[in-house]
Amino acid sequence: MPNSILADRMKLIQPSPTLAIAGKAAEMKAAGIDVISLSTGEPDFDTPDFVKDAAKAALDKGQTKYTAVSGTPELRKAVAGKFKRENGLDYALNEIIVSSGAKHVLFNALMATVNEGDEVIIPAPYWVSYPDMVQFFGGRPVTVQCGEAQGFKLTAKQLEEAITPHTKWLILNSPSNPTGAAYTKTELEALAKVLKKHEHVWIMSDDIYEHLVYDGFEYFTIAQVAPELKNRTLTVNGVSKAYAMTGWRMGYAGGPAELIKAMDVVQSQSTSNASSISQAATVAALNGDQSFLKKWRDSFTARRDLVVKTLNAIPGLSCATPEGAFYVFPSCAELLNKDIPTDTAFCAWLLEEAKVAAVPGEAFGLPGYFRISYATSEAVLTEACKRIAEACGKLKQATNRKTA
Ligand code: PLP
């Protein structure tokens, strides 16, 4: 047997568990099984027509060549305009970078900054990729448990306790994947107060779900509420979620020029510029009429309310009402038993028994819960919840019989 071809660093990361579950559900579907997948992190809406038209026009105009690594001037101007208009943030063009998705932005930023042994504070539950990316670059993810009782959000006290001389970054994600929890202005101010005292700590603010907030929730990003922190904050965003453009692979960030330059260097030696066609489409998305967003938000609100209400009516499940994103994160702790002892086992069982794919809380660093994406039609959600209710009913009966 030849020695393994794989680099040692491959031992530091796992395949994305959410993509793995979506893959398993797709396999079952391909085998003719009627599976409902509530595991994916993308809207079911189509990319708006005016965005598609801009892409077609770019093709016709021959905008099919390499662009500047960090993005076309038109797109960086559109991004600067967005940050100013929506977040009150001023970024010059050399403080903006465009990459192939927000995930790529985060990857580049961590690659450009994390040294062996650097600590990165990650509130849990967290988006699955943060700890793996940190580890990939030799950093140490410092996860802080932020349970349901505190709204799944990091408190100032927890932040203060987690910071050490080795802390390089705090990663904030509001609204959050997997919980949908979003930080209020007051909550961000409390975190900012701690961060101001610790000048060596940088803040990576993943705002990808910014536009998906409900019930009149007022969205803020940290550099906006604490301008003193702007010179050590990377404000990350993208069009995947709000504009239903996951396949276009387009993300961007604003931050201090030195950091942006380093990310540009990383990108110049790996992917070069993001797709020129996607960049042209994103100019249209950011500069165009945003009124479709209200309709989408209304639709997501109705779906969220449907799912929360139905899940809470299922004995053994309890589900908080999140402020944003398109996920709910119900607790299944009460239903766990000797045969199904973990949320991972629960989700495997749910897939087998109810033919519904959901992602276990363990994948996000908070066991006892599971994530459901409600970015699908109300009819599908109603059927999925019915199946979950029937399956959980059987499980509860079986548990009751065994404990009786
Ligand atoms: N950040 C969070 C919290 C996400 O949930 C996702 C996608 O699931 C991303 C970043 C990546 O988005 P993109 O499609 O722009 O790479």
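I take angles under 35 degrees as roughly parallel, over 145 as roughly antiparallel, 65 to 115 as roughly perpendicular and the rest as oblique. Axes are lines fitted to C-alpha atoms, for helices over the stretch in contact, and angles run from 0 to 180 degrees between N-to-C directions. Helices (H or I, at least four residues) and strands (E, at least two) are DSSP runs, numbered from the N terminus.

**Ground rules**

I am working on a predicted model, where local features need pLDDT of at least 70, side-chain atom pairs count only at pLDDT 80 or more, and totals for chains, interfaces and linings use all residues. Residues are numbered from 1 along each chain as its sequence is written, and side-chain values use heavy atoms, with hydrogens and water left out.

**Entry: α2 on α10**

I looked up how α2 meets α10. Their axes are 8 Å apart and the packing angle is about 140°. The two helices are therefore oblique to each other. I noted a right-handed crossing; the rule is that a crossing is left-handed if the near helix is turned anticlockwise from the far one by less than a right angle, and right-handed if clockwise.

Next I listed the contact (heavy atoms within 4.5 Å). From α2 come Phe-50, Val-51, Ala-54, Ala-55, Ala-58 and Leu-59, and from α10 come Ile-277, Ala-280, Ala-281, Ala-284 and Ala-285. I sorted these residues into eleven nonpolar, no polar and no charged. For that sorting, Ala, Val, Leu, Ile, Met, Phe, Trp, Tyr, Cys and Pro count as nonpolar, Asp, Glu, Lys and Arg as charged, and the others, Gly among them, as polar.

**Entry: α3 on α10**

I stayed with α10 and turned to α3. Helix α3 (residues 73–87) and helix α10 (residues 276–287) have axes that come within 9 Å and cross at roughly 25°. They are therefore roughly parallel to each other. Here the crossing is left-handed. On the α3 side I found Glu-74, Leu-75, Ala-78, Val-79, Lys-82 and Arg-85; on the α10 side, Gln-279, Thr-282, Val-283, Leu-286 and Asn-287. The residues of this contact split into five nonpolar, three polar and three charged.

I also checked Ser-276, which has its place in α10. Its relative accessible area is 13%, so Ser-276 is buried. The scale is under 20% relative accessible area for buried, over 50% for exposed and partly exposed in between (1.4 Å probe, protein chains only). Leaving out residues up to four places away in sequence, Ser-276 touches Gln-63, Thr-64, Lys-65 and Thr-67.

**Entry: α4 on α9**

I moved to helix α4 (residues 102–113) and helix α9 (residues 257–268), whose axes come within 9 Å and cross at roughly 105°. That makes α4 roughly perpendicular to α9. The contact uses His-104, Val-105, Asn-108, Ala-109, Met-111, Ala-112 and Thr-113 of α4, with Leu-259, Ala-262, Met-263, Val-266 and Gln-267 of α9. I counted eight nonpolar, four polar and no charged residues there.

**Entry: α5**

How many residues of helix α5 are buried? Seven of the eight residues in this helix (residues 129–136) are, so α5 is largely enclosed by the rest of the structure. I wrote down the buried ones: Ser-129, Tyr-130, Pro-131, Asp-132, Met-133, Val-134 and Phe-136. They pack against α4, β3 (119–124), β4 (140–145), β5 (167–173) and β6 (202–206). After α5 comes Gly-138, with a positive phi near 85°.

**Entry: salt bridges**

I searched the whole structure and got 22 salt bridges. The test is a side-chain nitrogen of Lys or Arg within 4 Å of a carboxyl oxygen of Asp or Glu.

Arg-303 pairs with Asp-44, their closest N and O atoms 2.9 Å apart. Arg-303 lies in helix α11 (residues 292–312) and Asp-44 in the loop between β1 (36–37) and α2 (49–60), so the bridge ties together parts 259 residues apart in sequence. Arg-303 counts as buried at 6% relative accessibility, while Asp-44 counts as partly exposed at 38%.

Asp-90 bridges to Lys-84, with 3.2 Å between the closest N and O atoms. Asp-90 is partly exposed at 48%, and Lys-84 is partly exposed at 44%.

Lys-185 and Glu-189 meet at 3.5 Å, N to O. Both lie in helix α7 (residues 185–197), four residues apart, about one turn of the helix.

Last, I noted a network of salt bridges linking Asp-34, Glu-383, Lys-386 and Arg-387.
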